[in-house]
Amino acid sequence: MRRAEEAGCSALVVTADSPRFGRRTRDLRNGFDDLPPGCAAENMRDLPGALPGALTDIPMHPAASWRDFAETVGMTSLPVWVKGVLHPADARLAVEHGAAGVIVSNHGGRQCDTAAASVDCLPAVVDAVAGAVPVVLDGGVRRGGDVAVALALGAAAVGVGRPVLWGLAAKGAAGVREVLRTLLDEYDHTLALCGGRRNADLSADMVVRGDAAW
């Protein structure tokens, strides 16, 4: 946390759905259990207690609790968000323990392959938080229409992960800009087709789910 503060970060995010690594059968089948030679998680280098230049394994804490989260909040002046929330009861606990925001995420389905989709859990989390803190949707955002659905269901914003990485891999920084520009253009198009001119014009009754009807 000290390193993040000194680096100028504006917030911290605690990932709550990773008490241990997920069981990823494709990785197990391919023998992929670590980064390839020459690649490293650089944020884990030169941590306190390690030898100069040495890497520290990413620690997993199955016994971590909401009390630990509250202590984390009290140790920094930065706002602390919690990521990986799907259940409304956990969203309420996050607020009660000092979370500055809640990120609804199923970790891309990579932690538990039977977890519900983030967007399906979003409305209940928004209701549980009841405006106390912002709620962000993470996961499954591939088109601008996905952004519109999330905002209509009460999200304050969305997280975009894999599309940005795909753009980076294809064209570097220019690829990232192209992905984000495309998402914005698609979102503006969807917003206009919904009869809206601003984010607040989107509402939950615009989203029809399954066999539901108005």
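The second largest pocket of this predicted model holds about 470 Å³ of space, where a pocket is an open set of points on a 1 Å grid over the protein atoms alone, reached by a 1.4 Å probe, with protein on both sides within 12 Å along at least five of seven lines, and lining residues have an atom within 4 Å of a point. Its lining comprises 24 residues, with Gly108, Gly139, Gly140, Arg142 and Arg162 nearest the centre. H7 contributes four residues, the largest share. By class, the lining has ten nonpolar, eight polar and six charged residues, Gly being counted as polar.

Local features need pLDDT of at least 70 and side-chain atom pairs count only at pLDDT 80 or more, whereas totals for chains, interfaces and linings use all residues. Residues are numbered from 1 along each chain, and side-chain values use heavy atoms, without hydrogens and water.

An open sheet of five strands has the order E1-E2-E3-E4-E5 with parallel pairing, helices (H or I, at least four residues) and strands (E, at least two) being DSSP runs, and pairing requiring at least two bridges. Strands E1 (12-15) and E5 (157-159) stand at the edges with a single partner strand each, so one side of each lacks a neighbour in the sheet. Four bridges join E1 to E2 (residues 80-85), and Thr15 has Lys83 as its bridge partner in E2.

| Helix | Strands crossed | Angle |

Definitions and conventions. Points joined across faces, edges and corners; volume = space filled by probe spheres on them.
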